[in-house]
Amino acid sequence: GLTVSTFHTLGLTIIRRERQQLGLKNGFSIFDDQDSRSLLTELLHKDTDVGAEEVDRIRHQISNWKNDLVTPSLALSRAGDDQEVRAARIYSQYDRLLRAYNAVDFDDLILMPAQLFREQPRILEKWRHRIQYLLVDEYQDTNGAQYELVRMLTHPEGRFTVVGDDDQSIYAWRGARPENLAKLQEDWPDLKVVKLEQNYRSTGRILKA
């Protein structure tokens, strides 16, 4: 049948069905933004008193790493200064505590399925058969992890359609990559591009403005 969902709902479905492979127990929790912020505050206060701004900075950095499929060990190896080294170490501790709590955060809902598919081709093949055709809307707002998830699920046949407009990308601040539209053409050279350039819902005055 037809499944309609967000990326994160799809990721949650995959995690629930493959939780044992991911080291999660039944009834795992999903940390929201406030839960994640509280956990990071607890970790950071072990070293020294920090303000909310520093907590949010590190939380944003960890979110960006997860959206780019960067593990804690890779983040540490790529760290360019003391600030990044500290953030990468906090990232590692944060992830360990999440698993100790039998929990995932919002970014894990994409990261964990993508990592699982990379590491276990047999499970990826099972989901490729389950998702026979994929349609993704607002593709200009996808991040690196979401792009990789689509690529793996649709490779090699390429049974998918994406709809997007790079001029309407407004979520770069939370990891969206409008260049994902152009990248599709590189990964799928035979991709057919259909341009919808006629506007049927705005008056001439609005279009001129």
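Mentor: Helices are DSSP runs of H or I, at least four residues long, and strands are runs of E, at least two, numbered from the N terminus. Axes are lines fitted to C-alpha atoms, for helices over the stretch in contact, and angles run from 0 to 180 degrees between N-to-C directions. This is a predicted model, where local features need pLDDT of at least 70, side-chain atom pairs count only at pLDDT 80 or more, and totals for chains, interfaces and linings use all residues. Residues are numbered from 1 along each chain as its sequence is written, and side-chain values use heavy atoms, with hydrogens and water left out.

Trainee: What is the angle between α2 and α5?

Mentor: Helix α2 (residues 33–44) packs against helix α5 (residues 82–100) at about 120 degrees, with the axes 10 Å apart.

Trainee: Why is α2 called oblique to α5?

Mentor: Under 35 degrees counts as roughly parallel, over 145 as roughly antiparallel, 65 to 115 as roughly perpendicular and the rest as oblique. The angle of about 120 degrees falls in the rest, so α2 is oblique to α5.

Trainee: Which residues of α2 and α5 meet?

Mentor: In α2, S36, L39, L40, L43 and L44 meet R86, I90, Q93, Y94, L97 and L98 of α5; contact means heavy atoms within 4.5 Å.

Trainee: How do these residues of the contact divide by class?

Mentor: Eight are nonpolar, two polar and one charged. Ala, Val, Leu, Ile, Met, Phe, Trp, Tyr, Cys and Pro count as nonpolar, Asp, Glu, Lys and Arg as charged, and the others, Gly among them, as polar.

Trainee: What classes make up the lining of the largest pocket?

Mentor: That lining has 20 nonpolar, 17 polar and 10 charged residues. A pocket is an open set of points on a 1 Å grid over the protein atoms alone, where a 1.4 Å probe fits, with protein on both sides within 12 Å along at least five of seven lines; lining residues have an atom within 4 Å of a point. T6, F7, H8, T9 and Q146 lie nearest the centre of the largest pocket.
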